Amino acid sequence: MTDYFEIHERDSAARVGELRLADSVTTPALVDDVDTATPGDCRHVLDDAGSRWPTTQDDPVGDDSLLTVLPHRGLPAGTPDEVADAFAVDYPDVDFPSAAVVSPDTATDHGSDAYVLAGAPGYVGHASAFVDAVTTVREAIPADTALYLPGVATPRNVATLVYAGVDLVDPDRAVIRGTEGRYLTTDEAYFLEDLDELPCACPACQQPRDEFNREDCVEHNVNALAAELRRVRRRIRDGRLRDYVEGQARQDNWLTATFRRLDQEYGYLEQRTPLIRRADLSAASDDSLRRVEIQRFAERVTDRYVPRFDDRPLVLVPCSARKPYSDSQSHKQYHDAIKWRAHVVSMTSPIGVVPQELELTYPAQHYDSVVTGNWTATEIEFVSRVLERYLEGTDYPEIIAHVPGEGYRDICERVADSLGREFTYTVTDHPTTADSLGNLAAELEGWDRYPKREREHNTIRAVADYQFGEAAGDELFDDLSTQGRYPQLRADDADGEQLAALAQQYGVLSLTTAGARRWVESDVPTKTVEIEPFVPHGSVLAPGITDASDDIRVGDDVVIRGDAAFGVGRAQMSGPEMRSSTRGIAVQMRHVEEQ
């Protein structure tokens, strides 16, 4: 049971947590042995009880002010299983802050607050081995425990380490490099003799260059590492660490390979990536296309979403810089020409395709991309694949591509050839010229506009498909009545009881208890959190949970069920994390009824 570590903020696999010592440590943190005299900005809170290799040791006494590394037998990476099993350590059950030393093969729940990856320096430089080791250990230990990688961190690599799921690092590598005369920064390791001036403002660097020696270099390196960790913590709190790592990882080939190898661990990252965020998503490179948020949106649009307007023509339009698209000047001009006579779907990199009903849904109104006027081959391939998958399940009587030539036309022609379907092109120069808009309006002559009520109902149902699963829109909202004005819509049943409201900020539905009961009674798989017999007020803490659905993600609406209460709220942990955690807020309650 974890008593001394709690997670407060999550950003994919990265977390901001608290190591609850007598003087708490905010993680990800730079920590060192209590007996060392490492200069610089570092917390001396580790107490290594030592190795069991040379001699049998008594269990340590421990101290609430320190994280005690329990007596251990460290084994190098690649140790055969039979050897590891023969020398495995039985860690004692202690009542003070503790850490157990594990390898990818021996990692399991030892009841400790932190876990030390044995042989961590051996993984540096080997992207695949590093990612496999970290993800394997992270999956094997409880979610609310800290992962400590000793002897690895530098200012250049620590952001990527944290992005992978590391919570604690030490200054050992930075210290060694300093004693060797290597001056570390977030993008380079300079030989001290090559520096004409000191490119840093930390306390160690506040002296003339000719007086700066290797001892000062050690202090600077530790300060630079601590400063980078502060920057990383801020990025996690902002929900923007991925944006930072996309750039920072390019400072080193190993980090670039590690970052891209992590993207291949989609299941690991997807489980830990929120469904919605406050922060905008920055898409600055082709690597952004592999982000969980992007892949998940494309997957749900093509697998869950039901096009309910496919008895009308489809109009494909380019995206806009302003979000949501309907607020942009260009899309208002498209609307004036279309006049609700067709279904509008926006094409965009990096999102793929965005049906008009999902323009608010994260990340469709929360991204910003680099616009050069030229699409990369990777962007064209991705958006083509998403558009093709979208169209495969539709029966539009006509497909109108109101798109410019650069990139968009290439995608449409590729998909038209692949599916054997005819596209009508209406842009002669630019989509917003009078001739182009006139062509678009003329192509829709004879089609009736669909009514406002149909638009609003289909928006609620489309969001439900995306959020809760295939066919959820029709299952949960078959007798739908909408109130309010878009984008602030309320979903009621035929008797006027509120079932949900569309949250404008994130473009998802917030259920009422009536909506939650309808979800439970439907055939749509319910994301359920089972709790002990109590009535929650405000939040549900992890210790009160007896079970939780595997597919719950941070930001999901979830049903709370117990002998004493029924309710609905928003998940603050994933389902697997709820089941394995003993600390922290698992669900923020919205509505609860006493049973």
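Guide: A strand is a DSSP run of E with at least two residues, and strands are numbered from the N terminus. This model is predicted.

Visitor: In which strand is Leu-314 found?
Guide: Look for the run that covers residues 314-318. Leu-314 belongs to that run. The strand is S14.

Visitor: Is Leu-314 buried or exposed?
Guide: Buried means under 20% relative accessible area. Leu-314 has 0% relative accessibility. Leu-314 therefore counts as buried.

Visitor: What separates the C-alpha atoms of Leu-314 and Tyr-396?
Guide: Along the chain, the two are 82 residues apart. Their C-alpha atoms are separated by 6.2 Å.

Visitor: How many aromatic pairs does the structure hold?
Guide: Rings of Phe, Tyr and Trp pair if their centres lie within 6.5 Å. Counted that way, the aromatic pairs number ten.

Visitor: What kind of pair do the rings of Phe-130 and Trp-254 form?
Guide: A pair of aromatic rings is described by the distance of the centres and the angle of the planes. For Phe-130 and Trp-254, the centres are 5.5 Å apart and the planes stand at 80°. Planes over 60 degrees apart count as edge-to-face. So the pair is edge-to-face.

Visitor: How many residues apart in sequence are the parts that Phe-130 and Trp-254 tie together?
Guide: Phe-130 lies in helix H2, residues 127-140. Trp-254 lies in helix H7, residues 253-263. The pair therefore ties together parts whose separation in sequence is 124 residues.

Visitor: Is Trp-254 buried or exposed?
Guide: The cut-off for buried is under 20%. Trp-254 has a relative accessible area of 10%.

Visitor: Which residue has its charged end over the ring of Trp-340?
Guide: Trp-340 forms one aromatic cluster with Phe-309 and Tyr-450. A charged end sits 3.7 Å from the centre of the Trp-340 ring. That end belongs to Arg-455.

Visitor: What is phi of Trp-340 near?
Guide: Trp-340 is in the loop between H10 and strand S15. Its relative accessibility is 25%, so Trp-340 counts as partly exposed. Its phi is positive, in a residue other than glycine. The value is near 60°.

Visitor: What is the positive phi of Ala-471?
Guide: Ala-471 lies in the loop between helix H14 and helix H15. It is partly exposed, with a relative accessible area of 34%. Ala-471 is not a glycine, yet its phi is positive. The value is about 75°.

Visitor: What is omega for the cis peptide bond that joins Tyr-362 and Pro-363?
Guide: Pro-363 lies in the loop between strand S16 and strand S17. The bond joining Tyr-362 to Pro-363 is cis. Its omega is about 5°.

Visitor: What is omega near for the peptide bond from Lys-323 to Pro-324?
Guide: Pro-324 is found in the loop between S14 and helix H10. The bond from Lys-323 to Pro-324 is cis. Its omega is near -10°.

Visitor: How many charged residues are in the lining of the largest cavity?
Guide: About 60 Å³ of space lies in this cavity. Its lining includes Asp-11, Arg-242 and Glu-293. Three lining residues are nonpolar and two are polar. The charged ones number five.

Visitor: Which strand gives the most to the lining of the second largest cavity?
Guide: This cavity holds about 30 Å³ of space. Glu-6, Ile-7 and Arg-10 are among its lining residues. The strand in question covers residues 5-11 and gives three residues. It is strand S1.

Key
Residues are numbered from 1 along each chain as its sequence is written. This is a predicted model: local features need pLDDT of at least 70, side-chain atom pairs count only at pLDDT 80 or more; totals for chains, interfaces and linings use all residues. Side-chain values use heavy atoms; hydrogens and water are left out. Rings of Phe, Tyr and Trp (its six-membered ring) pair if their centres lie within 6.5 Å; planes under 30 degrees apart count as stacked, over 60 as edge-to-face and the rest as tilted. Helices (H or I, at least four residues) and strands (E, at least two) are DSSP runs, numbered from the N terminus. Buried means under 20% relative accessible area, exposed over 50%, partly exposed in between (1.4 Å probe, protein chains only). A charge sits over a ring if NZ of Lys or CZ of Arg is within 6 Å of the ring centre and within 35 degrees of the ring normal. On a 1 Å grid over the protein atoms alone, a cavity is a set of points where a 1.4 Å probe fits but cannot get out, and a pocket is an open set with protein on both sides within 12 Å along at least five of seven lines; lining residues have an atom within 4 Å of a point. Grid points are joined across faces, edges and corners, and a volume is the space filled by probe spheres set on the points. Ala, Val, Leu, Ile, Met, Phe, Trp, Tyr, Cys and Pro count as nonpolar, Asp, Glu, Lys and Arg as charged, and the others, Gly among them, as polar.
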